[in-house]
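Subject: Structure handover

Hello,

Here is the structure I promised to pass on. Please open it and keep it beside you while you read my notes below.

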Amino acid sequence: MSTKITTKERLKIERQAMPEQDATARAAAFCEVNLGFTEKLAMLEAQRCLLCKEPKCVAGCPVMVNIPRFIQFIANGDLAAAARSLLGDNALPAITGRVCPQETQCEIECIRGLKGMSVAIGHLERFVADWSYRLANQVVTAPPQPTGKKIAVIGSGPAGLTAAGELVKLGHEVTVYEALHKPGGVLVYGIPEFRLPKQIVKEEVERLQQAGVKIECNVVIGRTYTLQELRARFDAVFIANGAGLPTFMNVPGENLKGVYSANEYLTRVNLMAAYKFPSADTPVIVGKRVAVVGGGNVAMDAVRTGRRLGASSAMIVYRRTKKEMPARAEEIHHAEQEGILFEFLVAPVEILGNDQRWVTGLKCRRMQLGEPDASGRRSPVPIPGSEFVIECDVVVVAIGSRANPLLTSTCPELKLNRNGNIAADANGMTNLPGVFAGGDIVRGAATVILAMGDGKRAAQTIDGYLKKA
Amino acid sequence: MHEVLSKKQLSPNVTRLDVMAQRIAEIRQPGQFVIVRRGEGAERIPLTIADADPAAGSIALVIQAVGKTTRELVALNPGDSIQDISGPLGRPTDLIASGRALCVGGGVGTAVIHPIAQGLHRQGVAVVSIIGGRSKEWVIFEEELRKLGEVIVCTDDGSYGRKGFVTDAAKDVLAAGGVDCVYAVGPVPMMRAVAAVTKPLGVHTIVSLNPVMVDGTGMCGGCRVSVNNETKFACVDGPEFDGHLVDFDLLWDRLGTYRAQEKESMARHEESCRIGLEKPKAV
């Protein structure tokens, strides 16, 4: 276990592949697809890191994990040190190691990626995080000095949990309010078991609770308590209630039976475990042919869920081409392996139903790509007379979500931007003193890791604010 | 955890549970509901807050046992607990400020009418309640509503009060005039019928819709209804809407979405109770 290996030797090692379940077997089950590195694979992969003096990978990470440091500890075989290093930078590494789009963040910046394959930073992060659960007693750090300051966090998704984790580390007293019966936000209701096992989320949350984070479930801010009540009781409030309001297409037939928002479909299956029905009480309509409208990660999660529930055909209907899909490359690849069908350059115009008002099909129009829009993506333009019908019995609408107005509508003094999101600066500061916000409620629907980055930055801002107060 | 403090059988299949929920008891308003999840593996269901005792910290849930989940809830006894109660949810009822209101309750909907009548009574509105059931033993909340104003009881078979549907009694009260607003809660056909009676008379009519819900906070749209040809989420935009603008056909149709699964779940539940191989899940 020597670090004395030369750069030349490091460069000779090839990127280690992530062991994964066979595609045919896994397409029928909800267990995790990626199986994780063994210690041997992890050490080999860690030795590929060139330990750059000015590491570009760190700048690519929204929570600024000191990547070469923890990787070097792995290469040296000191996993406890690797875990302490990683956990010091990132409150939820077992989650980010699984769901981050590393290929567009840390790994795209990796020097080794310029002339070959980047270091598998995400897989290594996941390996260290998983290891640290099994041997938690080896990763103990000293408790912080209490500051006596009280902070309320609204929402227990990635932004809220990260902020809570950082704030207790700084010695503050933190209470997280969650509207649902389980903490985790999109990590428990949105991202499916086969991508992020719920046991992992539970363990990450328990680790935060052991560190002192208090979590109160079944509390809906805007109904159970108002923001103003929280402001009176706490020294600071961090709003991280996400973008949980589903967008529908506003086409005829959208209220037929068998039409779901991706939020409802995934909540039933993930949070309520409808895939176990009738062992679990919550039902879901199991389609023989499932059509999912959209091209993001949520659409991929929904279509792969449909396949696992037993659909013989599960299809993505997307109005642009594969190149423009916002979903992670790995998820698209996994979906293809699992036999997911793709209809590109197609947009629904109507959902068709039978006499009993159950879905029977999706009437679509073919599109072609026109000029680039404001986001730089070429806008789809309908081809006249190209209507056709995709036969299906379940339609899942996964075309995005917006800020849920439930909280903000009960606090008119909180400034919003044009999209109905909370107006907060890059450090999470809103127009109200002591009120901070981050994650999807500020950005609109984005990624888990961006929300976590916001949570971490906001925690630092809040800490600075409380020290001045 | 929310302890069950007391239990009372109100009619052959309607049970009242008073459960601990301090915060909700203090701030709930007429028209609001809670989402209840009995324990691990259970589903989330919406239940109206029929009454509350802020001093005791309890709320009253009135439950009609129609399927597995509601049967398991009414099987709870004082001392047992409900794991999750979230709320209060939904927009409070738009109560008229003065005048005379007609409150129409059908079946278990009578329990939902009660807090609305309470709210109206509190601000000095004259309340006339029309409540109904199949026969005498199915009439609920009569005593509570009598404290708030005049009550007309109807039974389908005439075994108690006036024979006939609540809509017939409502027609008579409306014909006599002097009604400023109608609040109707009950089965979909009943609310539809009441709205059909009041529409030609131009009397504002508020109904409380009962679609399938999951989260109850506006994040899934499972409870979407059509009001004035616009899609609304009953959990956050409602549950109460203008009865003259509601698409009752759509509501009725969507309520049947899980009929097959509900039957399956119920059959399995009955089977396991009968043969006693599976103990009911602990809460």
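First, a term: a residue is buried when its relative accessible area is under 20%, exposed when over 50%, and partly exposed in between. Note also that this is a predicted model.

Salt bridges

Start with charge. Side chains of opposite charge can pair when their charged atoms come close. Over all chains, the search finds 43 salt bridges.

Take chain B. Asp18(B) and Arg16(B) meet through their side chains in a salt bridge, 2.8 Å from N to O. Both Asp18(B) and Arg16(B) are buried. Arg38(B) and Glu72(B) also form a salt bridge, at 2.8 Å from N to O. Arg38(B) sits in the loop between β3 (33-37) and β4 (44-53) of chain B, and Glu72(B) sits in helix α2 (residues 68-74), so this pair ties together parts 34 residues apart in sequence. Arg38(B) and Glu72(B) are buried too.

Chain A has a network. Salt bridges with shared partners join Glu103(A), Arg195(A), Asp301(A), Arg304(A), Arg308(A), Arg328(A), Glu330(A), Glu331(A) and Glu338(A). One of its links is the salt bridge between Glu338(A) and Arg308(A), with the closest N and O atoms 2.9 Å apart. Glu338(A) is in the loop between α16 and β9, while Arg308(A) is in helix α15 (residues 297-309), so the pair connects parts 30 residues apart in sequence. Glu338(A) has a relative accessible area of 2%, so it counts as buried. Arg308(A) is buried as well, at 5%.

Now look at Glu324(A). You will find it in the loop between β8 (313-317) and α16 (329-337) of chain A. Leaving out residues up to four places away in sequence, Glu324(A) touches Tyr318(A), Leu369(A) and Arg377(A).

Aromatic rings

There are eight aromatic pairs over all chains. Phe30(A) and Tyr275(A) are stacked, 4.2 Å centre to centre, with 20° between the planes. Each lies in a loop of chain A, and the pair ties together parts that are 245 residues apart in sequence. Phe30(A) is buried, at 10% relative accessibility. Tyr275(A) is partly exposed, at 28%. Phe436(A) and Tyr465(A) pair edge-to-face: 5.4 Å centre to centre, 70° between the planes. Phe436(A) belongs to strand β16 (residues 435-437) and Tyr465(A) to helix α19 (residues 448-468), 29 residues apart. Phe436(A) is buried, at 0%.

Phe30(A) and Tyr275(A) also share one aromatic cluster with Phe194(A).

Arg366(A) is over the face of Phe388(A), 4.0 Å from the ring centre. Lys136(B) is over the face of Tyr160(B), 5.2 Å from the ring centre.

An enclosed helix

Is α14(A) enclosed or open? Ten of its ten residues are buried, so α14(A) is largely enclosed by the rest of the structure. Just after α14(A), Ala273(A) takes a positive phi of about 55°.

Best wishes

Terms used: Residues are numbered from 1 along each chain as its sequence is written. Chains are lettered from A and ligands numbered from 1 in the order in which they are written. This is a predicted model: local features need pLDDT of at least 70, side-chain atom pairs count only at pLDDT 80 or more; totals for chains, interfaces and linings use all residues. Side-chain values use heavy atoms; hydrogens and water are left out. Helices (H or I, at least four residues) and strands (E, at least two) are DSSP runs, numbered from the N terminus. Contact means heavy atoms within 4.5 Å. Rings of Phe, Tyr and Trp (its six-membered ring) pair if their centres lie within 6.5 Å; planes under 30 degrees apart count as stacked, over 60 as edge-to-face and the rest as tilted. Buried means under 20% relative accessible area, exposed over 50%, partly exposed in between (1.4 Å probe, protein chains only). A charge sits over a ring if NZ of Lys or CZ of Arg is within 6 Å of the ring centre and within 35 degrees of the ring normal. A salt bridge is a side-chain nitrogen of Lys or Arg within 4 Å of a carboxyl oxygen of Asp or Glu.
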